[in-house]
Amino acid sequence: MSQTIAATGISATTEKATQETLLSPRFYRTDYDAMDRLDITPVRREWDEMMAEFERDENRPHFRKEITFEDVNIPEELHEEFLDFLTTSVTSEYSGCVLYQEIQKHVNNKDIADLMGYMARDESRHAGFINKSLKNLGVAVDLGFLKREKAYTFFKPKYIFYATYLSEKIGYARYITIYRHLERHPEYRFHPIFNWFMEWCNDEFRHGEAFALIMRANPHLTSGLNKLWIRFFLLAVYSTMYVRDHTRPQLYKALGMDPTEFDYKVFDITTEISKQIFPLTLDTDNPAFRRGLERLRDINVATQAAKQRGGIIGGLQRGWLAVRGAATFARLYLMPVKSNELPDQVRMAPAW
């Protein structure tokens, strides 16, 4: 990877987007034949209503507007973290675009192909919009290079459903929480991209609704042993977000937000939303749960320090910290969860 980057003279931002870490967004491939066999007949009425919304594409004019960058001045102490935020965001949005395009290309099931085409359109628009912001700062990500060079992870369709449903819904919760906060405190809106979060987060919400309908139409995906996988992905998504957000203290200070309070607000919103389809939720208010996330954060800080140290000692420290991290995650996974009875109505409307 590094030789390819050096040979092409690719930007440092693009290089960062291609890196693989526990906290970085990933690119996925899946079992397209299994996707092709999906049947959405049990939710046909709601599905057709949703597809009509996608076809209307009410956000199209919104993303055609130009961002005005006049008087945008990112403080030096914020620059690195804000770029990291934008780079992670563009990578995440573009990974969804690539996944949806690949599914659309490899399936004959019209319901699934049409859905994936619409969602790829939205995610491409989001990624391009963020990249425009990065380009203005002189550090855009080469999305074509990213698609070719980023490592791909194979996920079974059900893992795609759990992870992507949560990614879309938690993305909605993050965007709407930041947007509402800046409505109340416009003095913290240090960049114009935050003005776009309302319509943007509604796209994320609708994408999550699509995966909820797929899972409701195929109830085996949320029952039996699959509950264990749901539990795993809930914890993985929540803990990754918590640790990553706490690597950006200057960003949240500039927004006038506390990252811990922000994360638990996002968890609360996502937990309420996920009750539409998941038969269980995590007890994020449990003090033991919160202590566990703090331990994961401390382990990540120590791991980064060991990487900087390098050498045999640094390598041994990283190995020991990886064991501690896995043990902490396992303890969190084994904590009691809350059971949830699924509602009769599958689809939801944004309410936050």
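**Rings, helices and a loop**

Trainee: How many aromatic pairs does a search of the whole structure find?

Mentor: This is a predicted model, in which local features need pLDDT of at least 70 and side-chain atom pairs count only at pLDDT 80 or more, while totals for chains, interfaces and linings use all residues. Residues are numbered from 1 along each chain as its sequence is written, and side-chain values use heavy atoms, with hydrogens and water left out. Rings of Phe, Tyr and Trp (its six-membered ring) pair if their centres lie within 6.5 Å, and the search of the whole structure gives 32 aromatic pairs.

Trainee: How are the rings of Tyr238 and Phe267 arranged?

Mentor: Planes under 30 degrees apart count as stacked, over 60 as edge-to-face and the rest as tilted. For Tyr238 and Phe267 the centres are 4.5 Å apart and the planes lie at 10°, so the pair is stacked.

Trainee: Which parts does this pair tie together?

Mentor: Helices are DSSP runs of H or I with at least four residues, numbered from the N terminus. Tyr238 is buried (under 20% relative accessible area; over 50% is exposed, and in between is partly exposed, with a 1.4 Å probe and protein chains only), at a value of 1%, and Phe267 is buried at 0%. Since 29 residues separate the two in sequence, the pair ties together helix α11 (residues 226-245) and helix α13 (residues 259-274).

Trainee: Which residues does Phe161 contact, leaving aside neighbours within four places in sequence?

Mentor: Phe161 lies in helix α9 and is buried, with a relative accessible area of 1%. Contact means heavy atoms within 4.5 Å, and by that rule Phe161 touches Met35, Leu38, Phe211, Ile214, Met215 and Leu221.

Trainee: What is the phi of Asp57?

Mentor: Most residues other than glycine have a negative phi. Asp57 sits in the loop between α4 (44-56) and α5 (60-64) and counts as buried at 13% relative accessibility. Although Asp57 is not a glycine, its phi is positive, at about 50°.
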